[in-house]
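Please find below a colleague's note on the model under discussion.

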Amino acid sequence: MKNTIDISYDHTESGLFKGIIQHLTEKCGGNVHLEGLVNITSSSVIPPTNSSLILQMLDDDEDYNPYNCADFEDIKSCFESANEKNSWICYDFRKLKVSPNMYSIRSYLNGNNHLQTWVIEGSKNKKDWTVLDERKEENSLDETGKANIFRMKKIKSEKYYRYLRLRQTGKSTINSNVISISALEFFGSIVGTITQGPKQQRKEKRSERIPEPNPSRQRKRQHKHRKHRKHHHHHKHRRNSSSSSSSSSSSSSSDYYSFESNPIEDVSNEPFEIKYDGTKEGRFKGIIHYLTEKCGGNVHKKGVVEVTSSSVFPSLSFLLSENDDDYNPYNAVDLEDKESCFESSNEKNSWICYDFKNLKVRPKCYSIRTYVNGNNHLKSWCIEGSNDRLKWFVLDERINENSLNDTGKSNTFEMSMNIDDDEYFRYLRLRQIGSASEGINILNLSALDYFGFLYCRISVVWITSE
């Protein structure tokens, strides 16, 4: 095939993890998942609960995400699934295609749960899977930090796949369904192109890794609390950086539509402005609207802007049916649907965040629309910008703002803090900093769009055999 690169195992111990993933690691200069080259996902991440007691017992510095399997130099790294049958880890090579012939696995250094029965599978569409290798009661990995390489036994001809998956098909060495491995590498041929970026943020807290219950199963509710209207009292403060406890937490509320990055490539790398025209009709024809037209749909579901939140309400979604309504944060970018709604749990500092991935934004104003089927409306909040999700800058702040205290009401707000002409952000976040109109901490809104300057910060990289 054209532009094919063959990466073979050199039959040395030092070459066990110098295959396709290592090749891509050297291309991007870091973890291939975090750099946006290979999307590494799993069936689950341990533990499968969000119990506050368990969170307090766990070491927050520990990290069991699947992308750790691509950190070959870190022998202490580990991916660990929940205790579920047919647990798996999957590598999505995006615009690359891979024809594997061998693979290496390293077991976890700090535990006794090791892989012994599994299959390697390939797919072109993530629906139809072909078994490429199968192992039963394999004992060569039954030791802490042990590594071994395996040849694909079931490959009869050279075929290329976008997705490669390791799936545990039997119990581990301690009779568990938990997958626990430190590294997974493939050897063979690769062909195609990659998009270098957008980068992912390494998750630092265990609370970031614990999935919320499936928010697609949430039932529509109407709050029956008494309205409390307060006088408009808008404070303008000097711009400052913030780092509240909510800033590092990330909801997996987008799990129902798993976010698969698909950055828009035909956006100018020179900043250009999307202006608000001052009309009611133009209130939601900003940057999100522009990107919606570019990708042809919801920007989160299309992989252009990742929309996350501190939480999604309610938490007992497993009791509800699949046909119930949906309060996920990505509803806030369905600008034409006035009945759409994002709703958080009843927690202080609740937030909704837009990650523009390979794009950067310098916002000048923004529009909010309230939910048409409820009486709980936003009145005290701030807009924050960041480039690393660690340090946040307050761009606007509103206290006891009453212009949104009605169902389906919308308004546009200018950024009250000074933003330098050369200052752009990858992340924009709305964070509720006081109780809503019903005296509760639920963040409830229907739409959120920004106006200002936009540009593309990352280009396309071609993989060739040179």
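The points that follow concern the cores, the sheet, the aromatic residues and selected backbone angles.

1. Basis of the note. The model is predicted, so local features need pLDDT of at least 70 and side-chain atom pairs count only at pLDDT 80 or more, while totals for chains, interfaces and linings use all residues. Residues are numbered from 1 along each chain as its sequence is written, and side-chain values use heavy atoms, with hydrogens and water left out.

2. Main core. A nonpolar core is a set of buried Ala, Val, Leu, Ile, Met, Phe, Trp, Tyr and Cys residues joined through side-chain atoms within 4.5 Å; buried denotes under 20% relative accessible area, exposed over 50%, and partly exposed the range in between (1.4 Å probe, protein chains only). The largest such core holds 45 residues, and Tyr91, Phe93, Ile105 and Leu184 have the most contacts inside it. Among the elements that give two or more residues to this core are helix H1 (20-28), strand E4 (88-92), strand E5 (96-107) and strand E10 (180-195). E10 supplies the largest share, six residues. Helices (H or I, at least four residues) and strands (E, at least two) are DSSP runs numbered from the N terminus.

3. Second core. A separate core of 44 residues includes Ile264, Ile274, Val305 and Ala447.

4. Surroundings of Tyr91. Contact is taken as heavy atoms within 4.5 Å. With neighbours within four places in sequence left aside, the contacts of Tyr91 include Ile21, Val38, Cys69, Arg162, Leu184 and Phe186.

5. Two strands pair if DSSP finds at least two bridges between them. Five strands make up an open sheet in the order E2-E4-E9-E6-E7, with antiparallel pairing. Its edge strands, E2 (39-42) and E7, each pair on one side only. On average, neighbouring strands of this sheet are turned by 20° against each other, direction ignored; axes are lines fitted to C-alpha atoms, for helices over the stretch in contact, and angles run from 0 to 180 degrees between N-to-C directions. E2 and E4 are joined by four bridges in the antiparallel sense, and Thr41 stands opposite Cys90 in E4.

6. Strand E6. Are the faces of E6 covered or open? Both are covered: Trp118, Ile120 and Gly122 on one side are buried, as are Val119, Glu121 and Ser123 on the other. E6 pairs with E7 (residues 129-135) in the antiparallel sense over six bridges, and Val131 in E7 is the bridge partner of Glu121. The pairing of E6 with E9 is also antiparallel and has six bridges; here Trp118 stands opposite Gln168 in E9.

7. Aromatic pairs. Rings of Phe, Tyr and Trp (its six-membered ring) pair if their centres lie within 6.5 Å; planes under 30 degrees apart count as stacked, over 60 as edge-to-face and the rest as tilted. The count by this rule is 20 aromatic pairs. Tyr91 and Phe93 are edge-to-face because their ring centres are 6.3 Å apart and their planes stand at 65°; both residues are buried. Tyr103 and Phe186 form a tilted pair, at 6.3 Å centre to centre and 40° between the planes. Since Tyr103 lies in strand E5 and Phe186 in strand E10, this pair ties together parts that are 83 residues apart in sequence. Tyr103 counts as buried, at 0% relative accessibility, and Phe186 likewise counts as buried at 0%. One aromatic cluster consists of Tyr91, Phe93, Tyr103, Trp118, Phe150 and Phe186.

8. Charges over rings. A charge sits over a ring if NZ of Lys or CZ of Arg is within 6 Å of the ring centre and within 35 degrees of the ring normal. Arg165 lies over the face of Trp129, at 3.9 Å from the ring centre. Arg429 lies over the face of Trp392, also at 3.9 Å from the ring centre.

9. Helix H4. In H4 (residues 287-295), the buried residues are Ile287, Ile288, His289, Leu291 and Cys295. These pack against strands E12 (272-274), E15 (351-355), E16 (359-369) and E22 (447-456). Gly296, which follows H4, has a positive phi near 80°.

10. Lys126 has phi near 70° and is found in the loop between E6 and E7; its relative accessible area of 36% makes Lys126 partly exposed. Lys357 has phi near 55° and is found in the loop between E15 and E16. Lys357 counts as buried, at 1% relative accessibility.
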